[in-house]
Amino acid sequence: MQDGSGSLKRFEVSVFNQEVRDCEKKGRVHPSFDASWADLNFFTYESDSKEDVIRQIERRYPPRKGFVISDIIEIKEFEFVKPRGVKV
(Lines give C-alpha, C1' and ligand atoms only; values in the text may rest on other atoms or scores of the structure.)
Protein backbone atom coordinates (compact mmCIF):
# COMPACT_ATOMS: atom_id res chain seq x y z
CA MET A 1 0.00 0.00 0.00
CA GLN A 2 1.32 3.41 -0.93
CA ASP A 3 0.77 6.65 0.95
CA GLY A 4 -1.58 8.02 -1.70
CA SER A 5 0.99 10.26 -3.33
CA GLY A 6 1.98 7.56 -5.79
CA SER A 7 5.53 7.31 -4.47
CA LEU A 8 7.26 4.95 -2.11
CA LYS A 9 8.21 5.94 1.42
CA ARG A 10 11.88 6.21 2.33
CA PHE A 11 13.30 4.63 5.49
CA GLU A 12 16.68 4.76 7.20
CA VAL A 13 17.61 1.51 8.90
CA SER A 14 20.42 0.86 11.37
CA VAL A 15 21.72 -2.71 11.74
CA PHE A 16 24.50 -4.34 13.77
CA ASN A 17 25.63 -7.89 14.44
CA GLN A 18 25.42 -9.08 18.04
CA GLU A 19 27.75 -12.05 17.43
CA VAL A 20 30.46 -9.67 16.15
CA ARG A 21 29.97 -7.46 19.22
CA ASP A 22 30.25 -10.49 21.50
CA CYS A 23 33.47 -11.60 19.78
CA GLU A 24 34.98 -8.15 20.14
CA LYS A 25 34.18 -8.09 23.87
CA LYS A 26 36.13 -11.35 24.21
CA GLY A 27 39.01 -10.05 22.10
CA ARG A 28 38.22 -12.41 19.25
CA VAL A 29 37.57 -11.94 15.54
CA HIS A 30 34.30 -13.19 14.11
CA PRO A 31 34.99 -15.98 11.58
CA SER A 32 32.46 -14.73 9.00
CA PHE A 33 31.76 -11.03 9.44
CA ASP A 34 33.94 -7.94 9.42
CA ALA A 35 34.51 -6.09 12.69
CA SER A 36 32.60 -3.10 11.29
CA TRP A 37 29.39 -5.05 12.00
CA ALA A 38 29.95 -4.42 15.71
CA ASP A 39 28.98 -0.82 14.95
CA LEU A 40 25.73 0.45 13.53
CA ASN A 41 25.55 0.23 9.75
CA PHE A 42 23.05 2.54 8.06
CA PHE A 43 20.99 1.76 4.97
CA THR A 44 18.26 3.56 3.09
CA TYR A 45 15.31 1.60 1.74
CA GLU A 46 12.32 2.65 -0.30
CA SER A 47 9.15 0.70 0.28
CA ASP A 48 5.40 0.90 0.83
CA SER A 49 5.67 0.10 4.54
CA LYS A 50 7.95 -0.34 7.52
CA GLU A 51 6.91 -4.01 7.69
CA ASP A 52 8.13 -4.58 4.13
CA VAL A 53 11.46 -2.95 5.00
CA ILE A 54 11.82 -5.32 7.97
CA ARG A 55 11.20 -8.31 5.65
CA GLN A 56 13.81 -7.03 3.18
CA ILE A 57 16.41 -6.41 5.89
CA GLU A 58 15.85 -9.75 7.61
CA ARG A 59 16.17 -11.54 4.27
CA ARG A 60 19.50 -9.87 3.57
CA TYR A 61 20.75 -9.73 7.19
CA PRO A 62 19.13 -12.70 8.97
CA PRO A 63 18.63 -12.60 12.74
CA ARG A 64 19.74 -16.25 12.92
CA LYS A 65 23.22 -15.02 11.92
CA GLY A 66 23.28 -12.43 14.69
CA PHE A 67 21.99 -9.38 12.84
CA VAL A 68 19.85 -6.96 14.82
CA ILE A 69 17.75 -4.09 13.49
CA SER A 70 18.50 -1.28 15.91
CA ASP A 71 16.10 1.30 14.47
CA ILE A 72 13.97 2.13 11.47
CA ILE A 73 12.82 5.68 10.84
CA GLU A 74 10.74 7.04 8.03
CA ILE A 75 12.49 9.92 6.29
CA LYS A 76 9.93 12.61 5.64
CA GLU A 77 10.45 14.82 2.65
CA PHE A 78 10.41 18.44 3.70
CA GLU A 79 7.88 20.76 2.25
CA PHE A 80 9.06 23.99 0.73
CA VAL A 81 7.90 26.87 2.86
CA LYS A 82 7.89 30.22 1.12
CA PRO A 83 9.75 32.75 3.29
CA ARG A 84 7.88 35.91 4.17
CA GLY A 85 8.35 38.74 1.76
CA VAL A 86 9.84 36.55 -0.96
CA LYS A 87 8.06 36.32 -4.27
CA VAL A 88 8.40 32.95 -5.91
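1. **Burial.** Of the chain's 88 residues, 24% count as buried. The accessible surface comes to about 6800 Å². Carbon and sulfur atoms account for 50% of that surface.

2. **Confidence.** Keep in mind that this is a predicted model. The chain's mean pLDDT is 88. A pLDDT of 70 or more is reached by 81% of the residues. Confidence is highest in α1, at 98. The lowest mean belongs to β2, at 95.

3. **Fold.** The chain has 2 helices and 3 strands. Their order along the sequence is β-α-β-α-β. Take the contacts between residues at least 6 apart in sequence: 66% of them join residues at least 24 apart.

4. **Aromatic rings.** How many aromatic pairs does a search of the whole structure find? The search gives 6. One of them is formed by tryptophan 37 and phenylalanine 67. This pair is edge-to-face, with 5.0 Å from centre to centre and 85 degrees between the planes. The pair links distant parts of the chain, its two residues being 30 apart. Tryptophan 37 lies in the loop between α1 (18–25) and β2 (41–47). Phenylalanine 67 belongs to strand β3, residues 67–75.

5. **Burial of that pair.** Are tryptophan 37 and phenylalanine 67 buried or exposed? Tryptophan 37 has 12% relative accessibility, so it counts as buried. Phenylalanine 67 is buried too, with a relative accessible area of 7%. The cut-off for buried is under 20%.

6. **The ring cluster.** Tryptophan 37 and phenylalanine 67 also belong to a cluster linked by ring pairs.

7. **Histidine 30.** This residue is found in the loop between α1 and β2. Histidine 30 is buried, at 11% relative accessible area. Its side chain makes a polar contact of 3.1 Å with the side chain of glutamate 19. The side chain of histidine 30 also reaches the backbone nitrogen of phenylalanine 33, at 3.1 Å. Which residues does histidine 30 contact, leaving aside neighbours within four places in sequence? They are Glu19, Val20 and Cys23.

8. **A charge over a ring.** What sits over the ring of phenylalanine 16? The charged end of arginine 21 does, 3.6 Å from the ring centre.

Methods
Residues are numbered from 1 along each chain as its sequence is written. This is a predicted model: local features need pLDDT of at least 70, side-chain atom pairs count only at pLDDT 80 or more; totals for chains, interfaces and linings use all residues. Side-chain values use heavy atoms; hydrogens and water are left out. Rings of Phe, Tyr and Trp (its six-membered ring) pair if their centres lie within 6.5 Å; planes under 30 degrees apart count as stacked, over 60 as edge-to-face and the rest as tilted. Helices (H or I, at least four residues) and strands (E, at least two) are DSSP runs, numbered from the N terminus. Buried means under 20% relative accessible area, exposed over 50%, partly exposed in between (1.4 Å probe, protein chains only). A charge sits over a ring if NZ of Lys or CZ of Arg is within 6 Å of the ring centre and within 35 degrees of the ring normal. A polar contact is a pair of N or O atoms within 3.5 Å; within protein, one must be able to donate a hydrogen and the other to accept it, and residues adjacent in sequence count only if both atoms are side-chain atoms. Contact means heavy atoms within 4.5 Å. pLDDT is the predictor's confidence in each residue, from 0 to 100. Accessible areas come from the Shrake-Rupley method with a 1.4 Å probe; for residues, only the protein chains shown count as cover.
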